[in-house]
Amino acid sequence: TEENIVFCCWLFNDRKSAVDIKMAKIIIEKKKEWLAIIKNNPIKINSVAPEEDKYFRKTMREKDPIKYNKIKDLFNGMRRRNKKWYKAKNKRYNPELLSFSGFVSFIDEYIKIFGMNCFYTGESIEFKTGSQKKKNRNAISIDRIDSDKGYTPDNMVVCSNGFNTDKKGILIQDCHIIIKKEIERKFNFSQGRRIHYSRGGIVGR
């Protein structure tokens, strides 16, 4: 609708994805909550020795193949992205990325604290992925709470695939912009004007 449309640059719109005012507020508040949690009670990571990794994987796969396959996919995705950042000399690259067993330990510790629930919404999540055509929005996912940083235990949270997909690569500062500009947009629309998200300039109509 006319009152719900604003003009913005492609880059901001791509990062913003499906994030609305409600999501932006959740992301900001949850980042504060997470930083307070890990400051007082850091997540304990227990990793097996490199030579024991193969046996660790084999045991886990036999015990719970659904959980194993999903965590393996998340772990491999994290490694691929970290490798890409390394090649691009991106500041998000983490030279001390968690091992597979360390990654499993991180998820298990999270579940002990929060249960099988999305950190952002509190909704139930599961290890079942869904089909290629229809992704399971309740499937477990790993999100970097601050998209401007890499995969470190203090910057990772467990959430639903649906929320992570909608959140995409939005930055914390983007969330502040969305909230600020929404207030300005409502005022400017009431005055017969439109506003540009990134620059804050009046577009007009």
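Trainee: What makes the crossing of α4 and α5 right-handed or left-handed?

Mentor: A crossing is right-handed if the near helix is turned clockwise from the far one by less than a right angle, and left-handed if anticlockwise. α4 passes α5 in a right-handed crossing. This is a predicted model, where local features need pLDDT of at least 70, side-chain atom pairs count only at pLDDT 80 or more, and totals for chains, interfaces and linings use all residues. Residues are numbered from 1 along each chain, and side-chain values use heavy atoms, without hydrogens and water.

Trainee: Why is α4 called roughly perpendicular to α5?

Mentor: Helix α4 (residues 65-87) and helix α5 (residues 100-114) pack at about 115°, with axes 10 Å apart. Angles of 65 to 115 degrees count as roughly perpendicular, so α4 is roughly perpendicular to α5.

Trainee: Which residues of α4 and α5 meet?

Mentor: Contact means heavy atoms within 4.5 Å. K67, Y68, I71, K72, L74, F75 and M78 in α4 meet F100, F103, V104, I107 and D108 in α5. Nine of the contact residues are nonpolar, none polar and three charged; Asp, Glu, Lys and Arg count as charged.

Trainee: Which residues touch the most other members of the largest nonpolar core?

Mentor: A nonpolar core joins buried Ala, Val, Leu, Ile, Met, Phe, Trp, Tyr and Cys residues through side-chain atoms within 4.5 Å, where buried means under 20% relative accessible area (1.4 Å probe, protein chains only). Of its 41 residues, W34, F106, Y120 and I142 touch the most other members. The largest share, seven residues, comes from α2.

Notes
Axes fitted to C-alpha atoms, helices over the stretch in contact; angles between N-to-C directions. Helix = DSSP H or I, 4+ residues; strand = E, 2+ residues; numbered from the N terminus. Parallel < 35°, antiparallel > 145°, perpendicular 65-115°, else oblique. Buried < 20%, exposed > 50% of the residue type's maximum accessible area, 1.4 Å probe, protein only.
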